[in-house]
Amino acid sequence: MNAPTVSRRQGLALGAVLFGLFVFAFVVDGGRGLIGDVTGVVSASYLASAFRLTVPIAFAAMGGIFAEKSGVINIGLEGLLIIGAFGAVASLWGLSATPIGPNVWLAFLFAVLASTFVALLFAIVCIEFKADQIIAGLAVWLIALGFAPFASIVIWNQTNSPSVGTFSPIEIPVLSALPNVGSLFSVTPPVLLLVLAVPFSWYLLNHTPFGMWIEASGEDPKSLDTAGISVRHVRYAGVLLSGIYCGIGGAGLALNTGQFVGSGDTMVDGRGWIGLTAYLIGNYNPVNAFLASFLFAGLDALQLELQQIAGYDVSSTLVGIIPYVAVLIVLTLVGRTRMPAEAGEHYESDE
């Protein structure tokens, strides 16, 4: 079992992030006073912002873990996040024209169902028709990347949606009123779902029969089949869970801002790919994947704070390469992440 401890991988990832800060010191304003400005913006509101930015990355990472540990490599996480984000905003906008009205939770549910449906199509292509999983995953991403902006133009005559509603924050009594740290206890529902999903996912994988089936499906599907458990059904479950998790992450991202941005790489902007790197660094452990996701999101939040508060012109492109540099450092110094033995391999039952 993988215990929820901070491994040497996370330490090296943290080192990579700190290295990124030193890069800032030389690239941004010659590094003059940067360390002082960094410590000045690290506050409770900064941490709350980092948690919000962690939502799509960490949910994508956990979804990828379930799929890949079951034996199906799903690199279409980015596409599933896009579908979730677009589905949430389009549903909420559409509901405003019905007697139901703009129900944020109903739109959230529609978004999760949309992402799960796309994941189901991906599972059918990979499991039933035995398509190459990498190519199929790329297809999911590219289709979503083209479909969402196109659908936005059809619906709103532009790639960016109009503003819609957002989740109202949940105020934790007493704690949210504390001075200086109160903002940490005023959280949106997706952040609260993330806090609950991380230990739930770890427990599900490590302490339940379903978790053992997922593990066996990716490591030794023949033994699982011999025990009378359908490898096919377990792999479907793993991929569908990746769709559910990505739907939550994409909807959480869009309903935090109240708008879908379809220009460029869309508002998802590589968070699915970062989620993939996060679970590789975390070695398929949900807790470690969350910690890696939080590190990357924290760096993103830091560059935003430096721009808004300290006036630094920090390149988001520079920040965006940090997760991938971290992966290279981890894989170089620690060694190759141990993928499930049968990940990416098709399985034929003897029945």
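This is a predicted model: local features need pLDDT of at least 70, side-chain atom pairs count only at pLDDT 80 or more; totals for chains, interfaces and linings use all residues.

**Stop 1: the core**

Start with Phe59, Leu194, Phe260 and Tyr279. Within the largest nonpolar core, which has 89 residues, these four touch the most other members. Now colour helix α3, residues 44-69: this helix supplies the largest share of the core, 13 residues. In soluble globular proteins, nonpolar side chains tend to be buried together.

Stay with Tyr279 and show its surroundings. Setting aside residues up to four places away in sequence, Tyr279 touches Ala61, Gly64, Ile65, Glu68, Leu77, Tyr284 and Ala289.

**Stop 2: Cys246**

Next, select Cys246, in helix α10. Is this residue buried or exposed? Cys246 counts as buried because its relative accessibility is 0%, and the cut-off for buried is under 20%. Beyond residues up to four places away in sequence, Cys246 touches Phe59, Ala60, Leu77, Leu80, Leu81 and Ser115. You have already met Phe59 as one of the core residues that touch the most other members.

**Stop 3: Phe122 and Gln133**

Move on to Phe122 in helix α5. With a relative accessible area of 4%, Phe122 is buried. Which residues does Phe122 touch, not counting those up to four places away in sequence? They are Val72, Ile73, Asn74, Gln133, Ala136, Gly137, Val140 and Val239. For Val140, 18 residues away along the chain, the C-alpha separation from Phe122 is 7.4 Å.

Gln133 is found in helix α6, residues 133-156, and is buried, with a relative accessible area of 4%. Show its side chain and look for the backbone nitrogen of Gly344, which the side chain reaches at 3.4 Å. Leaving aside neighbours within four places in sequence, the contacts of Gln133 include Gly71, Cys126, Glu345 and His346.

**Stop 4: the second largest pocket**

Finish by displaying the second largest pocket, which holds about 310 Å³ of space. Of its 19 lining residues, select the closest to the centre: Ile127, Arg232, Tyr347, Glu348 and Ser349. Then colour α5 (104-128) and α10 (231-257), the elements that give two or more residues to the lining. What classes of residue line this pocket? Colouring by class will show six nonpolar, five polar and eight charged residues.

How values were computed: Residues are numbered from 1 along each chain as its sequence is written. Side-chain values use heavy atoms; hydrogens and water are left out. Helices (H or I, at least four residues) and strands (E, at least two) are DSSP runs, numbered from the N terminus. Buried means under 20% relative accessible area, exposed over 50%, partly exposed in between (1.4 Å probe, protein chains only). A polar contact is a pair of N or O atoms within 3.5 Å; within protein, one must be able to donate a hydrogen and the other to accept it, and residues adjacent in sequence count only if both atoms are side-chain atoms. Contact means heavy atoms within 4.5 Å. On a 1 Å grid over the protein atoms alone, a cavity is a set of points where a 1.4 Å probe fits but cannot get out, and a pocket is an open set with protein on both sides within 12 Å along at least five of seven lines; lining residues have an atom within 4 Å of a point. Grid points are joined across faces, edges and corners, and a volume is the space filled by probe spheres set on the points. Ala, Val, Leu, Ile, Met, Phe, Trp, Tyr, Cys and Pro count as nonpolar, Asp, Glu, Lys and Arg as charged, and the others, Gly among them, as polar. A nonpolar core is a set of buried Ala, Val, Leu, Ile, Met, Phe, Trp, Tyr and Cys residues joined through side-chain atoms within 4.5 Å.
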